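Please look through the structure below before reading on. The briefing after it takes up one chain as a whole and then the surroundings of a ligand.

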Amino acid sequence: MVAQFASRGNLRNRVIELENVSTSYAGELKPAIKNISLEIRKGEIVLITGPNGAGKTTLLETILGLLKPYEGKIKLLGYEMPKDAIKARKYCGYLPQDFIKPAGEPFIVKDVVAMGFASIGKNANNGNILEALKKVKAVELLNKPIGRLSAGQQQKVLMARALARQPKILFLDEPFSSVDKEARHEICDILENLNRNENVTILIVSHITPKIEFDRIIKMKNGMVISC
Amino acid sequence: MLTILIRAFIAAIFAGFLCGLMGVHITRLNLNTVAFSTAHAALAGAALAMFLGMEPSTIGLILAILTALFLGPLADLFHIPFDLFSMSLFSIYTAFAFIFISISPGGVISAQAVSSILWGSILTVTSGYTVFLSILFFLVLIYIIAFFPQLKSLLFDSKLAEAEGINVKAYKYSLMFLSGVTVSLILKLVGGFLVFSLLFIPAASAFLLSENIKLILCFSAILGSFSAVGGIFLSLLLDLPTGACIVLMATFILIISAVYAHFFGRLRK
Ligand SMILES: Nc1ncnc2c1ncn2[C@@H]1O[C@H](COP(=O)(O)OP(=O)(O)O)[C@@H](O)[C@H]1O
Ligand SMILES: [Mg+2]
């Protein structure tokens, strides 16, 4: 909170800026998100909530440049999106929603976490892989094939991958959808610590409200922000 | 005769390795159709060359390489799903191939020349061809080793890789290009109908044998090579067409792999 307070009004501390952004999916007449204007400052921890189909995932993917808006302007860490997406994304951690791989996927947990380093020019080694897995209390999964883990375990592994990148911004899409209550509390603690101690900006999309002291709660419905 | 044979076997080793490596990548990334469009670009190019009285395989190769190079970027530029674009090109090329063959002077002779493209022959393997194939092999090997962390991320989940800032398009385009060049070069050896088998069957065997991507790539390359060499050997022994024998060999290995996987499971490490 202190960091956020100190930075209020400082233009350079706006890590995400959206101006009148609308995105629609190919072949759909109705836009999935409409006229969204939003500013998120460095060090904020924000919840984006709303019913299914409200446009939460679409908003996240649009900010990351995975979806291209048909109107509006987006800046992520000062980079123009989606034009400079590849540069901006190197500073981001992303946990996609409903991520689950079937049994037989030819990758073990160690590989999956190591991939987080592939785009940031850092070398993966046992040390930093284990460190990331330790954070989510999943060290024992190190050599397990990813497809042979439960949905909750897979979600933890992907969280470890996102954390391993030491991102400036974390985008988490329904990070609690598959994990149990205990793990949910653990993850909430990790995120709060990360936010407080390392000033990481965190955006959490969730239709349930996790036990975190959010700086801001953005409510969405029908592709629009109804309160923020 | 002996030097032709030695050249053919060396070419087969490189061809098998190349197909094995590219096969795993394009299967995982759902880019299989790149093989169809480039192979038929080579065919159409060859038919065009015959009509114009030029050297068929060179023109075929050029058209195939151009196709492999521009396929991905053009599909993206016009927002056409990649598979759809690739298969449309495949049909168009096939149509043109038939048209050029039918209007070529001396239809029967050119049909024979085309059939060598369709079926492949080790007799067409020159030392220049073998050198070209080996250069391509080392390029592909260097590419895979140099970019392995990024490729691995892409093979695991390309959307997540993209979200993390990996230039997914550049990797996909380059993989399509390398696969396209591989396919169009190997046509000469295996033939247009059967080049796909060398691309997909060893990869399928490798996926059955292991649950570790590195091992899968190694197995696929080795089994591809084994299929190609074994197939040529078989074709000499039984005096049957080369391409068909390579398919028989690859399929035989696939069956053994399936049986092995059924009883012993898949290797993880
Ligand atoms: N791939 C897609 N193609 C077409 N429409 C989609 C697609 N994904 C989502 N939508 C539509 O966009 C709207 C917003 O979806 P989404 O952002 O996934 O909502 P949320 O994450 O809030 O549940 C919904 O109406 C949904 O039907
Ligand atoms: Mg969603």
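Two residues are in contact when heavy atoms of theirs lie within 4.5 Å. Among the contacts in chain B that link residues at least 6 apart in sequence, 78% join residues at least 24 apart. The model is predicted, and local features need pLDDT of at least 70, side-chain atom pairs count only at pLDDT 80 or more, and totals for chains, interfaces and linings use all residues. Residues are numbered from 1 along each chain as its sequence is written, chains are lettered from A and ligands numbered from 1 in the order in which they are written, and side-chain values use heavy atoms, with hydrogens and water left out.

**Chain B as a whole**

- Chain B holds 12 helices and zero strands, where helices (H or I, at least four residues) and strands (E, at least two) are DSSP runs, numbered from the N terminus.
- Along its principal axes, the C-alpha trace of chain B spans about 55 × 50 × 30 Å.
- Of the 269 residues of chain B, 54% are buried, a word that means under 20% relative accessible area (1.4 Å probe, protein chains only).

**Around ligand 1**

- The residues that surround ligand 1 include A:Tyr25, A:Glu28, A:Pro51 and A:Lys56, and a residue is counted as near a molecule if one of its heavy atoms lies within 4 Å of it.
- A backbone N or O atom of A:Lys56 lies 2.9 Å from an oxygen atom of ligand 1, and for A:Ala54 a backbone N or O atom lies 3.2 Å from an oxygen atom of the ligand.
- In the side chain of A:Thr57, an N or O atom is 2.7 Å from an oxygen atom of ligand 1.

Conventions
Polar contact = N/O pair within 3.5 Å; in protein donor to acceptor, adjacent residues only side chain to side chain. Buried < 20%, exposed > 50% of the residue type's maximum accessible area, 1.4 Å probe, protein only.
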